[in-house]
Amino acid sequence: MNPELEYFLNQLINGLSLGSMYAMIAVGYSMVYSLLYLINFAHGDLYVFGTFIALALCTSGLPIVAAMILAGFAAALIGMTIERTVYRPVRGASRMVPMISALGAAFVLRTIAQVTWGTEPMAFPALISRGAGITIGEFQIQYQQMLVLAVAAVAMLVLTWVMEKTKLGKATQCIMQDITTASLMGIPVNKIIPLIYGLGGFFGVIGGVLFSSYYNIISIDMGMWGTIKAWAAAMLGGVGSFYGSFFGGILFGLAETFAGAYISTGFKEAIGYIVIVIILLFKPTGLFGKKRAKKV
């Protein structure tokens, strides 16, 4: 195989792996935004908090897969609690008030995490052995990369099934169109919205565990990083679109990886955002986003 082609394929797999992790975090973020059009600043700190819970469960002797699932449910419960106590009381207020509430929830989660686990980065166990995987010449797909891609694909299929085939998904789509009309039509809005917050937290933790196990590290600072990356990926794919956020995360990961490989690692972070700016110049709603109609 041509060395240049092998190098390109290796970077492609790296980009898809990184993008898959971004996608999982972005989908969790977009699920909340698509309902209430609220910038959920607490999402990043919630998924990091859940990832720390997964680490604590692993340290206590629980298998990492079981720890990831249990931590996901814990984060879902925390997300539902935050919705009930922080967001719902100010749902009808001006947009600035829920944003401030979200910042407050984020700082509370961050403070509890700092007191519990400290501020220094910690090692995170790998989901599976960092073995070679499949090797063709110099082209290599590691087992861990295959696992990341598989988990992201399965998660997206499950989300698609939930949104298109279940009552929860159909009710969610109605709320996305008009929350007031959905409530008047008998849809239990105050039951559906907490469940979506819970799903967002669950998917966020899955992405957080995948990322931390892939790079073998977890840090408190990943919360703010996660919020920025999730927002960027959602903007790229189309805010309010689950599928757009997923593919936005994939494209964001690919842009960063190829920029670091072919331009400079110093430009790695910037290139992803430059790509977003260029796309939004020509398509302000993102790649898969649609304009939201407003009645006057």
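A pocket here is an open set of points on a 1 Å grid over the protein atoms alone, where a 1.4 Å probe fits, with protein on both sides within 12 Å along at least five of seven lines; lining residues have an atom within 4 Å of a point. This is a predicted model, with local features needing pLDDT of at least 70 and side-chain atom pairs counting only at pLDDT 80 or more, while totals for chains, interfaces and linings use all residues. Residues are numbered from 1 along each chain as its sequence is written, and side-chain values use heavy atoms, leaving out hydrogens and water.

**Stop one: a pocket**

Select Met68, Val151, Val154, Ala155, Val158, Leu159, Val162, Leu199, Phe202, Phe203 and Ile206, and you have the lining of the second largest pocket. Helices H5 (143–165) and H8 (189–215) each give two or more residues to that lining; helices are DSSP runs of H or I, at least four residues. The lining divides into 11 nonpolar residues, no polar and no charged.

**Stop two: salt bridges**

Next, show aspartate 45 and arginine 110, a salt bridge (a Lys or Arg side-chain nitrogen within 4 Å of an Asp or Glu carboxyl oxygen) whose closest N and O atoms are 3.4 Å apart. Aspartate 45 sits in helix H2 and arginine 110 in helix H4, 65 residues apart. Aspartate 45 is buried at 9% relative accessibility, where buried means under 20% relative accessible area and exposed over 50%, with a 1.4 Å probe and protein chains only.

Shared partners join Asp45, Arg110 and Asp221 into one network. Buried or exposed: which is aspartate 221? Exposed, at 52% relative accessible area.

Key:
Ala, Val, Leu, Ile, Met, Phe, Trp, Tyr, Cys and Pro count as nonpolar, Asp, Glu, Lys and Arg as charged, and the others, Gly among them, as polar.
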